[in-house]
Amino acid sequence: MKLHTALTIAGTDPSGGAGIMADLKSFQSRNVYGMAVVTSVVAQNTTGVHHVEHLSLESIEKQLHDVYSDIMPQAVKTGMIALPEMMDLIYPYVSKPIPYVMDPVMIATSGDRLVSDEAVHFLKSKLIPIATVITPNRNEAEVLADMSITCESDITTAANRILQDLGPQVVIIKGGHIGENATDYAFTKDGNVRTWTSPKYDTVHTHGTGCTFSAVITAELAKGRDVMDAIGIAKDYIALAIKYNPALGNGCGPVNHMAYGLLSNGPETMDELLKNDERR
Ligand SMILES: Nc1ncnc2c1ncn2[C@@H]1O[C@H](COP(=O)(O)OP(=O)(O)O)[C@@H](O)[C@H]1O
Ligand SMILES: Cc1ncc(COP(=O)(O)OP(=O)(O)O)c(N)n1
């Protein structure tokens with residue numbers, strides 16, 4: 001059996017909700033063989049980030065070498081890359097001719113900063129220009145476009161600034177923190193604009209939504225799917241994953257990576273599915 005392959009380069013979350021753990025769950029759910037290079041070991045859970053330890057450049061380089069010299073990924077994504085030196089190291093790997101999805105992770109939902117100011121500068125000048133897709137949330141888009149975003153026309157202005165000044169192929173400004181619905185906006189370098197909307201679920205359990213959304217896009221690009229179709233699948237996946245979140249932990253809990261696979265083709269609810277499962 002030939003499987004498509006995808007790589008994530010990011011930080012960890014021992015509680016399994018965000019970072020590399022969310023990425024690998026997303027790849028697996030989309031039937032893609034997942035690989036992972038760890039940049040930083042983060043002690044975090046649903047209540048916040050409690051400790052961060054960056055791996056040495058030597059360790060990151062050796063991990064990258066061992067992946068790329070053996071199993072070539074068909075798409076790659078980056079998440080938490082905390083330091084400019086790490087970005088410098090990663091640059092030649094993500095500039096290979098495969099789709100590159102960049103989640104410009106800066107701050108966790110808990111409010112904890114995950115990358116340094118210098119790293120943000122490097123992200124803008126070096127990594128974003130070579131990205132196929134970037135997926136900023138509202139705060140990240142504000143930093144990248146150097147403006148505040150309060151309404152739909154601000155989203156268009158910010159996206160155009162990011163496309164023109166920083167040069168990715170596609171920018172998706174995610175709507176988890178803007179507006180009454182969860183509307184995501186994709187703008188392409190050649191002037192196309194598309195939106196995807198789902199209800200905004202009234203829940204605190206959205207830990208790792210950005211990681212999951214960008215990882216599903218990466219998995220679909222690894223299969224050779226068109227970018228817009230990949231975003232559509234990621235949007236349906238994340239909406240169901242949030243709607244059927246397992247309400248774990250004492251704070252902002254993780255999403256449900258089984259929901260899309262179980263529910264996207266049928267009318268059943270998650271409760272009915274679980275009942276059927278218990279009877280088996
Ligand atoms: N409460 C919610 N209900 C439905 N979709 C949501 C909700 N919160 C976030 N999303 C979706 O999850 C994805 C991640 O968005 P966002 O929360 O803005 O990013 P981040 O996790 O990076 O802050 C987007 O597709 C967004 O529309
Ligand atoms: C190691 C690590 N990487 C990224 C994040 C941020 O995750 P994200 O999906 O943007 O959403 P929240 O977890 O902030 O809700 C993280 N927490 N840890």
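Which handedness does the crossing of H1 and H7 have? I looked this up before anything else, keeping in mind that the model is predicted.

**Entry 1: H1 and H7**

I find the crossing of H1 and H7 to be right-handed. Helix H1 covers residues 19-29, and its axis comes within 8 Å of that of H7, at a crossing angle of roughly 40 degrees. That angle makes H1 oblique to H7. On the H1 side I list Gly19, Ala22, Asp23, Ser26 and Phe27 in the contact; on the H7 side I list Cys211, Thr212, Ala215, Val216 and Ala219. Sorted by class, the contact of H1 with H7 comes to six nonpolar, three polar and one charged residues.

**Entry 2: H3 and H4**

I then turned to helix H3 (residues 84-94) and helix H4 (residues 117-127). Their axes are 9 Å apart and the packing angle is about 20 degrees. An angle under 35 degrees counts as roughly parallel, and H3 and H4 are therefore roughly parallel to each other. The crossing of H3 and H4 is right-handed. H3 brings Pro84, Met87, Tyr91 and Val94 to the contact, while H4 brings Glu118, Ala119, Phe122, Leu123, Lys126 and Leu127. I note eight nonpolar, no polar and two charged residues in the contact of H3 with H4.

**Entry 3: the sheet**

In what order do the eight strands of the open sheet run? I read S2-S1-S5-S6-S7-S8-S9-S10, with mixed pairing. The edges are strand S2 (32-38) and strand S10 (193-198), each of which pairs on one side only. Helix H2 (residues 57-68) packs on the sheet, where it touches strand S1 (4-10) and S2. The direction of H2 makes about 155 degrees with that of S2.

Further along the sheet I checked strand S8 (residues 170-173) against strand S9 (residues 182-188). S8 and S9 pair in the antiparallel sense, over four bridges. Within this pair, Val171 stands opposite Phe187 in S9. Helix H6 (residues 152-166) also packs on the sheet, touching S8 and S9, and its direction makes about 150 degrees with that of S8.

**Entry 4: ligand 2**

Which residues come nearest to ligand 2? I count Gly11, Gly19, Ala108, Thr109 and Gly210 as the nearest of the 20 residues around ligand 2. Strand S3 (40-45) and helix H7 (209-222) are the elements that give two or more residues to this shell. H7 supplies the largest share, three residues. By class I record eight nonpolar, 11 polar and one charged residues around ligand 2.

**Entry 5: ligand 1**

Ligand 1 has 20 residues around it, of which Asn137, Lys174, Gly176, Ala182 and Gly210 come nearest. The elements that give two or more residues to the shell around ligand 1 are S9, H7 and helix H8 (227-243). H8 gives the most, with four residues. The class count around ligand 1 is six nonpolar, 10 polar and four charged residues.

Technical notes:
Residues numbered from 1 in each chain as written. Chains lettered and ligands numbered in written order. Predicted model: local features only at pLDDT ≥ 70, side-chain atom pairs only at ≥ 80, totals over all residues. Near = placed C-beta within 6 Å. Nonpolar A, V, L, I, M, F, W, Y, C, P; charged D, E, K, R; others polar. Pairing = 2+ DSSP bridges. Contact = placed C-beta atoms within 7 Å. Axes fitted to C-alpha atoms, helices over the stretch in contact; angles between N-to-C directions. Parallel < 35°, antiparallel > 145°, perpendicular 65-115°, else oblique. Left-handed = near helix turned anticlockwise from the far one by under 90°.
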